[in-house]
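Dear colleague,

Here is the structure we spoke about, with some notes on what was found in it. Please keep it open beside this message while you read.

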Amino acid sequence: MAESLALQRTGSKAAVKERALQTVAALRELYPDAECALRYSSPLELLVAVILSAQCTDERVNIVTKDLFRKYRKAADYAKAPLEELEQAIRSTGFYRNKAKNIQACCRALVEQHGGEVPQDLQALVVLAGVGRKTANVVLGTAFGIPSGVVVDTHVTRLSNRLGLTKQTDAVKIEQDLIKLLPPEEWIDFSHRLIWHGRRICTARKPLCEECLLASFCPKIGVAKKLKGAKSAVLRKPRKKQSAAASAGQSPAKAKGSRR
Ligand code: SF4
């Protein structure tokens, strides 16, 4: 048992693969019904919601889209809306000017090139305004059930690194690593479940390793203590800065004197 634990915590390809499959199994048990937290009733609504979710919480997006989706029902509605009106309707999601511009350009392309429908094709989606690989993967996986790739957001980035499934920080490279490790039939649910785990247990600032059911094979168990240590170091920084300034610009005696 101890031997297998040690093996799992090494970085060999086989160990990483094994850990990926352990993660899939554990997450499936923990969050059997995990799904996208954004509310939508059509592929177009999901596409708009995902564009709005950039730098914004899903809760806020759901509040905004409640009224938005009542008013704008088809791609043509967004395409012909006065831009300022659309901006005001999504204002509280932040970066509203850019988002409104992208949603309108995206919906105009849907009307002109796809008969007003959201295409079920990754290449056709990623060329739309405001749509990158992440958004395209969410829409294809969640609205159409097409496993086009693995959705990599801030939670998937953090947890994939902590769990030792990747060493990358770039979303596209992380996705490539995960695609190699996971069976395609797991791609859609894996992201949803990892995001849930990231929100509930393995949070950015206070990961609850002692409550985590992935702890038996996670190489970063106890990371909370390291984060706490890093935070203390940051809090101590001003004192360090003073001594660095003193040694760089003045003799210790002078520096001491200037503080009096
Ligand atoms: S053991 Fe800690 S670092 Fe690892 S997944 Fe769980 S909460 Fe995150």
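The expected span of a helix is taken as 1.5 Å times one less than its number of residues, and helices (H or I, at least four residues) and strands (E, at least two) are DSSP runs, numbered from the N terminus. With that rule, the 18 residues of helix 2 (residues 13-30) should span 26 Å, and its end C-alpha atoms are 26 Å apart, which agrees.

Please bear in mind that this is a predicted model, in which local features need pLDDT of at least 70 and side-chain atom pairs count only at pLDDT 80 or more, while totals for chains, interfaces and linings use all residues. Residues are numbered from 1 along each chain as its sequence is written.

The protein has 14 helices and zero strands. Of its 260 residues, 32% count as buried, where a residue is buried if 20 or more other C-beta atoms, placed from the backbone, lie within 10 Å of its own, exposed if 12 or fewer, and partly exposed in between.

To return to helix 2, V16, R19, A20, T23 and L27 are buried there. Seen down the axis of helix 2, the buried residues fall within an arc of 105 degrees (taken from the directions from the helix axis to the C-beta atoms), so they line one face of the helix. On the other side of helix 2, A14, A25 and E29 are exposed.

Helix 9 (residues 133-144) is mostly covered, with 10 of its 12 residues buried, among them V138, V139 and L140. The cover over these buried residues includes helix 3 (43-52), helix 8 (122-126), helix 11 (171-181) and helix 12. After helix 9 comes G145, whose phi is positive, near 70 degrees.

Finally, the axes of helix 10 (residues 154-162) and helix 12 (residues 187-200) come within 9 Å and cross at roughly 85 degrees, which makes helix 10 roughly perpendicular to helix 12. Here axes are lines fitted to C-alpha atoms, for helices over the stretch in contact, with angles running from 0 to 180 degrees between N-to-C directions, and angles of 65 to 115 degrees count as roughly perpendicular. H155, V156, R158 and L159 in helix 10 meet S191, L194, I195, H197, G198 and R199 in helix 12, contact being C-beta atoms, placed from the backbone, within 7 Å.

Best wishes

Key:
Angles under 35 degrees count as roughly parallel, over 145 as roughly antiparallel, 65 to 115 as roughly perpendicular and the rest as oblique. Two residues are in contact if their C-beta atoms, placed from the backbone, lie within 7 Å.
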